[in-house]
Amino acid sequence: LEELDALLHDRLLEGGEITLLLFEADEKKEGGRYVRVTGTVKRVDGESRTLVFGDGRRIAADRIVEIL
């Protein structure tokens, strides 16, 4: 999580918005899909290991596949 926090900090200093590639598991069967999410990260919640976006979305760090 510390590494993710450092990467996000550097990226946000460059322009504010960030795009993440997430894995979204299928609730009905094995597998899932990859989803791109773009937004401004307000903070990293170390206790719950989530990213909190400016629009209120919360994304668990373990769902992040790549920072684009």
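Buried here means under 20% relative accessible area.

**Figure 1. Overview of the predicted model.** The structure shown is a predicted model. Among the contacts with a separation of 6 or more, 39% are made by residues 24 or more positions apart.

**Figure 2. Confidence along the chain.** The mean pLDDT of the protein is 84, and 87% of its residues reach 70 or more. Confidence is lowest in helix α1 (residues 2-15), where the mean is 67. Strand β2 (residues 32-39) has the highest value, at 95. Where pLDDT is low, the predicted coordinates should not be read in detail.

**Figure 3. The largest nonpolar core.** This core has 14 residues. Those with the most contacts inside the core are L4, L8, I18, L20, L51, F53 and I64. Two or more residues are given to the core by each of α1, β1, β2, β4 (50-53) and β6 (64-67). Strand β1 gives the most, with three residues. A closer look at L8 shows that this residue touches I18, V41, V44, L51 and I67, leaving aside residues up to four places away in sequence.

**Figure 4. The aromatic pair of F23 and Y34.** The count of aromatic pairs comes to one. F23 and Y34 form this pair, which is edge-to-face, with 5.3 Å from centre to centre and 65° between the planes. Since F23 lies in strand β1 (residues 18-25) and Y34 in strand β2, the pair ties together parts that are 11 residues apart in sequence. How exposed are the two residues? F23 counts as partly exposed, at 32% relative accessibility, whereas Y34 is exposed, with a relative accessible area of 55%.

Figure 5. V65 lies in strand β6. With a relative accessible area of 46%, V65 is partly exposed, because this value falls between the cut-offs of 20% and 50%. Not counting residues up to four places away in sequence, V65 touches L21, L22, F23 and Y34. The list thus includes F23 and Y34, the residues that form the edge-to-face pair. The C-alpha atoms of V65 and L22 are separated by 5.3 Å, although the two residues are 43 residues apart along the chain.

**Figure 6. A charge over a ring, at R57 and F53.** The charged end of R57 sits over the ring of F53. The distance from this charged end to the centre of the ring is 4.8 Å. F53 is also one of the residues with the most contacts inside the largest nonpolar core.

Figure 7. R49 has its place in the loop between β3 (41-45) and β4. The phi angle of R49 is near 55°, a positive value in a residue other than glycine. At 42% relative accessibility, R49 counts as partly exposed. D55 lies in the loop between β4 and β5 (58-60). D55 is exposed, with a relative accessible area of 55%. The C-alpha atoms of D55 and G39 are separated by 8.1 Å, and the two residues are 16 residues apart along the chain.

How values were computed:
Residues numbered from 1 in each chain as written. Predicted model: local features only at pLDDT ≥ 70, side-chain atom pairs only at ≥ 80, totals over all residues. Heavy atoms only, no water. pLDDT = per-residue confidence, 0-100. Helix = DSSP H or I, 4+ residues; strand = E, 2+ residues; numbered from the N terminus. Phe/Tyr/Trp six-rings, centres within 6.5 Å; stacked < 30°, edge-to-face > 60°. Buried < 20%, exposed > 50% of the residue type's maximum accessible area, 1.4 Å probe, protein only. Lys NZ or Arg CZ within 6 Å of the ring centre and 35° of its normal. Contact = heavy atoms within 4.5 Å. Core = buried A, V, L, I, M, F, W, Y, C linked by side-chain atoms within 4.5 Å.
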